[in-house]
Amino acid sequence: MSIHISNTSKMPKGCGSWSLQAIDTCPGSFDSIKRELVDACKGCYARFGNYNYPNVKKPRASNREDWKRSGWADDMVAAMEKSELFRWFDSGDCYSVALAIKILEVIKRTPHVQHWFPTRMHKFPKFRDVLATINRQKNAVVRRSSDSITGEIDGRWSNGSTIIPTVDHAKPGHTVCHAYDRQGKCGECRQCWDKKVKTIAYPAHGRSMIKLVNLAA
Ligand code: SF4
């Protein structure tokens, strides 16, 4: 087995991502009381379109097994030798504490790389220690994802993100993502990697999410 690093067109040049299959590895996407996906995950881009193609699903399925082998962290560190930025989980989530511990090792061994770690695993108490330790690393930010599609967020989070219907729905304290003013690209923006930026608000994009926010309006 070998690692599969993806490069999405949105991210800055040279920024890789290590991803898993959406929903299958996202226990935080499900509201066990309502017995349905949380709003933010109902319209998630990684459930639709290209993400269902076999050539996209296959490397994610491979990554799900691959991280368990002993040389995985060494290979990840080697793959990041020339990187400055890394985004964990373009799709999927860190469903295992053992995986989070391995990611922490990779982050510690790559001080030249800024790591952005978005997640919903903060909902589960057993992840809290390891997520807090990752977020204490100078070169990493754990960005807790809100379930909301109307900009709600837990104000206690040091760093988080939420979805808003449009730019005009940004609330005080939100830092808006303007990728969609740049043909869906980050360009020079590095806000998601910046610990000083408390809450990123992503205006809804993609057909499914826009339909969802319109229904909620
Ligand atoms: S806030 Fe900036 S870094 Fe984050 S996704 Fe949007 S453009 Fe990219």
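On a 1 Å grid over the protein atoms alone, a pocket is an open set of points with protein on both sides within 12 Å along at least five of seven lines. A cavity is a set of points where a 1.4 Å probe fits but cannot get out. Lining residues have an atom within 4 Å of a point. Grid points are joined across faces, edges and corners, and a volume is the space filled by probe spheres set on the points.

The model is predicted: local features need pLDDT of at least 70, side-chain atom pairs count only at pLDDT 80 or more, and totals for chains, interfaces and linings use all residues. Residues are numbered from 1 along each chain as its sequence is written, and side-chain values use heavy atoms, with hydrogens and water left out.

The largest pocket has a volume of about 810 Å³. Its lining comprises 40 residues, and Cys 44, Tyr 45, Arg 87, Asp 90 and Tyr 202 lie nearest the centre. Two or more lining residues come from each of helix 1 (39-42), strand 5 (114-119), strand 7 (160-164) and strand 9 (199-203). Helices (H or I, at least four residues) and strands (E, at least two) are DSSP runs, numbered from the N terminus. The lining of the largest pocket splits into 19 nonpolar, 15 polar and 6 charged residues. Here Ala, Val, Leu, Ile, Met, Phe, Trp, Tyr, Cys and Pro count as nonpolar, Asp, Glu, Lys and Arg as charged, and the others, Gly among them, as polar.

The second largest pocket holds about 410 Å³ of space. It is lined by 22 residues, with Tyr 45, Phe 48, Gly 49, Asn 50 and Tyr 51 closest to its centre. Helix 2 (54-66) and helix 6 (207-216) each give two or more residues to this lining. Helix 2 provides the largest share, 5 residues. By class, the lining of the second largest pocket has 8 nonpolar, 11 polar and 3 charged residues.

The structure also holds 1 cavity of 30 Å³ or more. About 100 Å³ of space lies in the largest cavity. Of its 14 lining residues, Cys 177, Cys 186, Cys 189, Cys 192 and Tyr 202 are closest to the centre. The lining of the largest cavity divides into 10 nonpolar, 1 polar and 3 charged residues. The ligand takes up the space of this largest cavity (more than half of its atoms lie within 2 Å of the grid points). Residues around the ligand (a heavy atom within 4 Å) are Lys 10, Cys 177, Ala 179, Arg 182, Cys 186, Cys 189, Gln 191, Cys 192, Trp 193 and Tyr 202. This shell has 7 nonpolar, 1 polar and 2 charged residues.

Strand 7 was examined next. Because 5 of its 5 residues are buried, strand 7 is largely enclosed by the rest of the structure. Buried means under 20% relative accessible area, exposed over 50%, and partly exposed in between (1.4 Å probe, protein chains only). Gly 160, Thr 162 and Ile 164 are buried on one side of strand 7, and Ser 161 and Ile 163 on the other. Strand 6 (residues 140-145) runs parallel to strand 7, joined by 2 bridges; strands pair if DSSP finds at least two bridges between them. Ser 145 has Ser 161 as its bridge partner in strand 7. Strand 9 also runs parallel to strand 7, with 5 bridges. There, Thr 162 is partnered by Ala 201.

Ser 91 lies in the loop between strand 4 (85-88) and helix 4 (97-108). Ser 91 is buried, at a relative accessible area of 3%. The C-alpha atoms of Ser 91 and Ser 6 are separated by 10 Å, although these residues are 85 residues apart along the chain.
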